[in-house]
Amino acid sequence: MLFKTYLTSAIMALALIGNAHATNDENIWQQELHQQYFAGKNIEESNEIIKLEAPYRAEDPALVPIQIKSQIPQTANKYIKKITLFVDNNPYPFVGEFELTPASGKADLAMRIRVNTYSYVRAIAEMNDGKLYMSKTFVKASGGCSAPIGADLDTAMQRLGKMKFKLQPDTKMSEPHLTQLLISHPNITGMQMDQVTRFIKKSHFIDTIKVTFNDKAILTAKTDIAISADPNFRFYFIPNTTGTLKAEFTDTACESPTSRKVCTTGKSYMQTYTIKP
Amino acid sequence: MKFFQLVSLLIFTPIIFASDTIKVKEIAADVYVHFGKHELPNNHNHGEIANIGFIIGDKCVTVIDSGANPTQGKALKNTIQTITSKPICYVINTHAHPDHIYGNRAFKDAKVKFVGHHKLSRAILTRSPYYFTKSKEQFGNQLTSADVVLPSIEVKNTLQLDLGNRILELTAHPSAHTDHDLSIYDSKTDTLWLSDLLFREHLPVLDGSINGWISELERLEQNSYTYVIPGHGALVTDWKHSLQPQKKYLLLLRKEIRLLIQQGKFLEDAIKTVAYSEQKRWKLFNEFHKKNISTAFAELEWEE
């Protein structure tokens, strides 16, 4: 019995070392993702344009808070045009791409994501002149994509489509203002599916989000299953006039969690918020 | 790697000895509890950490939670058979967490009915792929689809089960510890089997609704019971006193998170600061507290 315990521990230890080695590398990025999303393009690894921050150990793999901190201001001459996010070892590594404009004032982003196993998370910034810069960080997590869909599924389904903007009360009209958009959506990965009853039939997630201020684009995003349930985005814009902040999103359902070949278009939702001086 | 997979498969396959039993305590007349240890589920305890047990009536026996794996389930079954010759008629699962349900397979029999909250089946089915992977990687349990045993009797509000001159009252709770908690009341001994609606010593783990859990506790606090059996921790003989630490923890968690949300702060801020004054009062605080903050925050940020 004692021998069995020791042998078991030894094997578990070996298995863990094996796993850590297998995931803590650049293979998926270099051999697949770089080619697929940035074919033939040079990407400079640097924290001087954007810096990605995430907890090294994820307390809840289905709800990992990440932040992208821009290191340069958004000006008409030089600005970050797009930020693309990946989790290398997720079943579907693409997290989302976020188009920004000089109207943001500041290209910072924050959101919550799912991380399925030990993996690099990486953010690639594309400048208005086409140059690419990458910031990455390693996250230890387990089971984020197959984890139960939120704690209270019925409440989540009833609330689906609801949105809320949250702005700090001390709005200075001429400066970039931190804005939070909360969307209620279970963002089902499809990996919770059970073979017996197929209660969860397929993935069901938000695929596009558009935020505008007086019809001028602030944030335009394509997103996927790695965005946590009840998505929560933080970004900046300059509320320099009275007007309407508007968020729109659409969702989709795909047959497989890891392929986007067979998908059904879902519904669209909209929410506005009035900005007063 | 292939070699290790083969060896680990051989080692992790449970070897069941007919004589294996588990330690149980008769806390009231014919009410037996096996008290789990306060440990994280791991490769040594194989996830066997919850309080599980059984109640004997004049006609038959009901199991309440079957354990973390078929081996523990079988040991519980053997234990029952050393204590009584009456047949097992029900297995009640209080919720879908793996330390409570994966002994079910050991009780599968045409004469045994499985009982749970009306949302238990959904929870078991949508969670099993996740738990199976975790259970294999971390606790050394090889669970398969044969370990998915769903309730044939579903409780929507309340249900009475007669064990022969002993009627148990089952209550399906609104979302609290999970969204499918079931409790069992035995009027004969005035015992409430609360399972994970109550944690003692072991930090409460939130996987349902913080608002729901607090209001269920406040409601149950109005009642008095001779005995209350928590899902983790020692038997309760002074109910109104013993539920206070958990209530205090949940109230503090909610209060501090609400304050941060009002101040325009975010989940990242909450994880670093909320309710750390409770750290020394609980076992496994570091293992579960941050997850509790995340779950509670995700719920409370939708309050109007």
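I started with the sheet in chain B of this predicted model: an open one of 7 strands in the order E1-E2-E3-E4-E5-E6-E7, with mixed pairing. Strands E1 (25-28) and E7 (153-155) of chain B sit at the edges with a single partner strand each, so one side of each has no neighbour in the sheet. Neighbouring strands here are turned by 25 degrees against each other on average, direction ignored. Strands and helices are DSSP runs numbered from the N terminus, with at least two residues (E) for a strand and at least four (H or I) for a helix. I call two strands paired if DSSP finds at least two bridges between them.

Housekeeping, for my own use: residues count from 1 along each chain as its sequence is written, and chains are lettered from A and ligands numbered from 1 in the order in which they are written. Local features need pLDDT of at least 70 and side-chain atom pairs pLDDT 80 or more, while totals for chains, interfaces and linings use all residues, and side-chain values use heavy atoms, leaving out hydrogens and water.

E1(B) pairs with E2 (residues 31-34) of chain B in the antiparallel sense over 3 bridges, and Ala28(B) stands opposite Val31(B) in E2(B). Helix H2 (residues 70-83) of chain B lies across E2, E3 (52-56), E4 (61-64) and E5 (88-92) of chain B, at about 30 degrees to E3(B). Contact means heavy atoms within 4.5 Å. Axes are lines fitted to C-alpha atoms, for helices over the stretch in contact, and angles run from 0 to 180 degrees between N-to-C directions.

Then H4 (residues 120-139) of chain B. A straight helix of 20 residues would span 28 Å at 1.5 Å a residue, but H4(B) spans only 23 Å between its end C-alpha atoms. The expected span is 1.5 Å times one less than the number of residues. I found a kink of about 50 degrees at Ser128(B), shortly before Pro129(B). The bend is the angle between axes fitted to the seven residues ending at a residue and the seven starting there. In H4(B), 14 of the 20 residues are buried, and Gly140(B), with a positive phi near 70 degrees, follows the helix. Buried means under 20% relative accessible area, exposed over 50%, partly exposed in between (1.4 Å probe, protein chains only).

E10 (residues 182-186) of chain B pairs with E11(B) in the antiparallel sense over 3 bridges, and the two form a hairpin with 4 residues between them. Asp190(B) in that turn has a positive phi of about 55 degrees. E11(B) also pairs with E12 (residues 227-232) of chain B, in the parallel sense over 5 bridges, and Phe199(B) has His232(B) as its bridge partner there.

Over to chain A, which has 3 helices and 15 strands. Buried residues make up 53% of its 277 residues. I looked up His185(A), in the loop between E10 (177-183) and E11 (203-213) of chain A; at 0% relative accessibility it counts as buried. Its contacts include Leu160(A), Phe205(A), Asp230(A) and Asp251(A), not counting residues up to four places away in sequence.

Last, 6 bridges join E11(A) to E12(A), which run antiparallel. Their hairpin has 2 residues between the strands, and Asn214(A) takes a positive phi near 50 degrees.
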